[in-house]
Amino acid sequence: MRSYTKSLTERRSDAAAAKQAMLRKAQSAPGPDDPAVMARRAERKAIAEAREARIAAKAAAAEQARIEAIARAEAEAAERKLAEELAELERIEQEAALEEQKKRARDERYAARKAAKRG
């Protein structure tokens, strides 16, 4: 333990002096109208506004990227649908050509049979 060489009254007066010093320091602190305080406040406000602007710009960029992704997906879907429709039309044309070829072959066989009967 530490032994105190100061008496109780000395310690009380030291404590009161320390309180007075802290009070004077607090009272001498610049007030809200002080130019330095106003400058710091303006600087903090500018920093906060810049931060908000960066956040807003980042949000706008994210929204733009989302819109572009949606547009890209829609374009790809439309392209796939067009390719599917073209493939279906080509399949239908091939079937029609095959049917036409079958009909021609059938007609030729019929004509050959008729010619053989007459002949």
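R91 is partly exposed, since its relative accessible area is 37%, a value that lies between the 20% limit for buried and the 50% limit for exposed. In this predicted model, the side chain of R91 meets that of E95 in a salt bridge, with 2.3 Å from N to O, and E95 is itself partly exposed at 42% relative accessible area. Because R91 and E95 are 4 residues apart in helix α2, about one helical turn separates them. The pair also belongs to a network of salt bridges that links E88, R91 and E95.

Salt bridges in the model number 4, among them the pairs in the table below.

| Pair | N to O distance | Relative accessibility |
|---|---|---|
| D14 and K6 | 2.7 Å | D14 37%, K6 43% |
| E63 and R66 | 2.6 Å | E63 35%, R66 43% |
| R91 and E95 | 2.3 Å | R91 37%, E95 42% |

E63 and R66 also lie in helix α2, where a spacing of 3 residues places about one helical turn between them.

Helix α2 itself covers residues 35-118, and its 84 residues, at 1.5 Å a residue, should span 124 Å; the end C-alpha atoms are 122 Å apart, which agrees with that expectation.

Definitions and conventions. Residues are numbered from 1 along each chain as its sequence is written. This is a predicted model: local features need pLDDT of at least 70, side-chain atom pairs count only at pLDDT 80 or more; totals for chains, interfaces and linings use all residues. Side-chain values use heavy atoms; hydrogens and water are left out. Helices (H or I, at least four residues) and strands (E, at least two) are DSSP runs, numbered from the N terminus. The expected span of a helix is 1.5 Å times one less than its number of residues. Buried means under 20% relative accessible area, exposed over 50%, partly exposed in between (1.4 Å probe, protein chains only).
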